[in-house]
Amino acid sequence: MPSISLPYVPHYVAAPPTKENLEYADLAIIDISKASSEEGRAALTIELREALLNLGFFYIVNHISTQTARMFDIADVPFSAVADSEKQIYASTRKQNGLLQGYTSVQYADNDDRVRDQLEQYCINRDVTKRRHPEALVPLLPEIQEFSNHNYFNVLHPILRLIARSLELPEDTLVNKHVSDAVGETSVRFIKYYPRTEEEEAKTKNVWLKGHTDFGSITILWSQPVAALQIQTREGEWRWIRHMENALVVNAGDAMDFLTGGYYKGTIHRVVQPAVDQRNYTRLGAFYFAMPNDDIKLVPMVESPVLQRVGIQRRCEDSEAPMMEHWRIARTMAYGLSKLKSGKEKGVEEEIIHGVIIKHYN
């Protein structure tokens, strides 16, 4: 049979891995291929639970995909192959109605009212047909859909099943809250960071994106070589995330915190100026941001025997807990526009959304 010819995509040249001696976080490595057997799932359940309770970030390896390099080439297309005038046609409506689909432009948000950000985003619903796309992306949509499906079925599903097992719940408990054809905004997102001036770095103390937790349930980041992502340990120290070829960096977000009654908390993370030997390069990210269905009420799964034993830490009363739709819209609309207030903790700023305190770490 003749080979299938893929559309031409210019190659994105990423930075070489840094040679700097950085303080890296010691993340657990989860071999997801072991989830194919009952014995493997039992072992992985323990590993995943410890990873989420310890640092909240972990690596996924052996997830089958062989298209990592091409996906980064595709991820750069919305930024390098689309004119600014066309980008404006496909701008997101996040300010108007909280929908992230489309472009979020460079300099959308500011950092302490002094320096506007230098990152650009293109967000695509897990169903790529939900919205029209720039002409350069159209031939690539089948591959982007395949990428979305891979993240959903081959990565997210096993993770959700392992988390349910760790809570002594039926394996499909969380999968049923993340249905592929339900109304929701689970998405593929491409993000590109651009170098900043020395003056901008000085004003922001080299912080490109303040410390925060994600507002969805599970975030999947395809590992890339530019060292800039840091997580905050339980002791309050910042540690770098090491690049691991063809691995995925995974973390829980606020929605998982809600659903597990504070048992699995979202880990605080930030983006800072890259390592010295990578500072003249852009940083390109390919993400899968998973969220529960829009109609899921973000209340603890009190039927979990584990949560019954350890106790539930609610972020708000169940009667006041938001639906996922309302939570994501409010968080999306607030990004870059809320006026943050100093919190009780040093270096922490706060805002209140749906009665829940959201912290930002400087």
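How are H1 and H5 oriented to each other, roughly parallel or roughly perpendicular?

I began with this pair, taking helices as DSSP runs (H or I, at least four residues; strands are E, at least two), numbered from the N terminus. I noted that this is a predicted model, in which local features need pLDDT of at least 70 and side-chain atom pairs count only at pLDDT 80 or more, while totals for chains, interfaces and linings use all residues. I also noted that residues are numbered from 1 along each chain as its sequence is written, and that side-chain values use heavy atoms, with hydrogens and water left out.

**Entry 1, H1 and H5.** I found helix H1 (residues 38–54) packing with H5 at an angle of about 80°, their axes 9 Å apart; the axes are lines fitted to C-alpha atoms over the stretch in contact, and angles run from 0 to 180 degrees between N-to-C directions. H1 and H5 are therefore roughly perpendicular to each other, on a scale where under 35 degrees is roughly parallel, over 145 roughly antiparallel, 65 to 115 roughly perpendicular and the rest oblique. Counting contact as heavy atoms within 4.5 Å, I listed residues of H1, including Glu 38, Arg 41 and Leu 48, against residues of H5, including Ile 159, Leu 162 and Arg 165. By class, this contact holds seven nonpolar, two polar and four charged residues, where Ala, Val, Leu, Ile, Met, Phe, Trp, Tyr, Cys and Pro count as nonpolar, Asp, Glu, Lys and Arg as charged, and the others, Gly among them, as polar.

I then looked up helix H2 (residues 68–80) against helix H5 (residues 141–166), and read an angle of about 120° with the axes 11 Å apart. That makes H2 oblique to H5. The contact is made by Arg 70, Met 71 and Ile 74 of H2 with Glu 143, Ile 144 and Phe 147 of H5, which I sorted into four nonpolar, no polar and two charged residues.

Leaving out residues up to four places away in sequence, Ala 75 touches Phe 190 and Leu 284, and its C-alpha atom is 7.6 Å from that of Gly 285, which lies 210 residues away along the chain.

I took a salt bridge as a side-chain nitrogen of Lys or Arg within 4 Å of a carboxyl oxygen of Asp or Glu, and the count comes to 20. Glu 38, Arg 41, Arg 165 and Glu 171 are linked in a network of them.

Asp 254 took up the next lines of my notes, as this residue is buried, with a relative accessible area of 1%. Asp 254 pairs with Arg 331, the closest N and O atoms being 2.5 Å apart, and this pair links helix H7 to helix H9 across 77 residues. Arg 331 is buried too. Asp 254 also meets Arg 315, at 3.3 Å from N to O, and Arg 315 is partly exposed at 27%.

Last, I recorded Lys 87 and Asp 84, whose side chains meet at 3.9 Å, N to O. The two stand three residues apart in helix H3 (residues 84–89), separated by about one helical turn, yet Lys 87 is buried at 10%, whereas Asp 84 is exposed at 56%.

Terms used. Buried < 20%, exposed > 50% of the residue type's maximum accessible area, 1.4 Å probe, protein only.
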